[in-house]
Amino acid sequence: MNAPGHLDAAQFKAAMACFASGVTVVTARAPDGTDHGMTVSSFCSLSLQPPLVLTCIDASATLLPHLLAAETFGISMLSASQGALSTRFADQTIDRFDDVAFSRGATGPALLDGAVAHLECRRVAVHPGGDHHIIVGEVLSARVLTGSPLVYAQRAYGRVAPLPVEPRAPSDGS
Ligand SMILES: Cc1cc2nc3c(=O)[nH]c(=O)nc-3n(C[C@H](O)[C@H](O)[C@H](O)COP(=O)(O)O)c2cc1C
């Protein structure tokens, strides 16, 4: 074990990569009508009542100021066939929305076609989290579409593969 405060960053990253997650594209619409979005796997459900989710956004991400300016944001949970879209929304060299099909949520954010589920959220809190910001959103609408989710683990994309069901132990007759 490293001395406190001397954690090996590469080991930390490698350990965290073992935690499988889904992949989302978080979107916000700027006041001038332009769409902004990025790939985010640090996303989870936070509360049922009220319905809250949270997402962790790098303080240097170009999306952050748009998320902080807009009242609402969108979450598109990507499907297993959308690995390329995940890579696209993490690419700094392209117009991410070019040729990408989406619908618009009632409050404005883009919601990507082909996702397994869409959420539309109202930003209710922002907390500092080291070099990231924790954005808390109240879920205004949730829509389940079709398909199975994209999974990201150990720096690779995959899909959910249910384990075979274990045979039940035979009854002891009592
Ligand atoms: C699968 C995957 C998951 C990611 N998850 C996050 C995340 O949870 N939070 C984050 O800030 N960046 C995450 N990123 C990185 C951003 O998508 C990437 O750095 C993006 O280029 C940042 O946007 P910007 O270049 O417009 O600042 C992820 C990237 C990938 C490919």
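**A walk from an exposed loop to the ligand**

Let's start at Asp 99, which is exposed because 6 other C-beta atoms lie within 10 Å, and a residue counts as exposed at 12 or fewer. Keep in mind as you look around that this is a predicted model. Asp 99 sits in the loop between α3 (83-88) and β7 (102-104). Its backbone deserves a look too: phi of Asp 99 is near 70°, a positive value in a residue other than glycine.

Gln 154 is not a glycine, yet its phi is positive, at about 50°. You will find Gln 154 in the loop that runs between β11 (150-153) and β12 (156-159). With 10 other C-beta atoms within 10 Å, Gln 154 is therefore exposed.

Now turn to another loop, the one between β4 (43-47) and β5, where Pro 50 has its place. Here the backbone feature is the peptide bond itself: from Gln 49 to Pro 50 it is cis, with omega near 5°.

Around the ligand are 16 residues, of which Ser 41, Ser 42, Asp 58, Thr 62 and Ala 90 come nearest. What is the make-up of the shell around the ligand, in nonpolar, polar and charged residues? Nine of its residues are nonpolar, six are polar and one is charged.

Methods
Residues numbered from 1 in each chain as written. Predicted model: local features only at pLDDT ≥ 70, side-chain atom pairs only at ≥ 80, totals over all residues. Near = placed C-beta within 6 Å. Nonpolar A, V, L, I, M, F, W, Y, C, P; charged D, E, K, R; others polar. Helix = DSSP H or I, 4+ residues; strand = E, 2+ residues; numbered from the N terminus. Buried ≥ 20, exposed ≤ 12 C-beta atoms within 10 Å, placed from the backbone.
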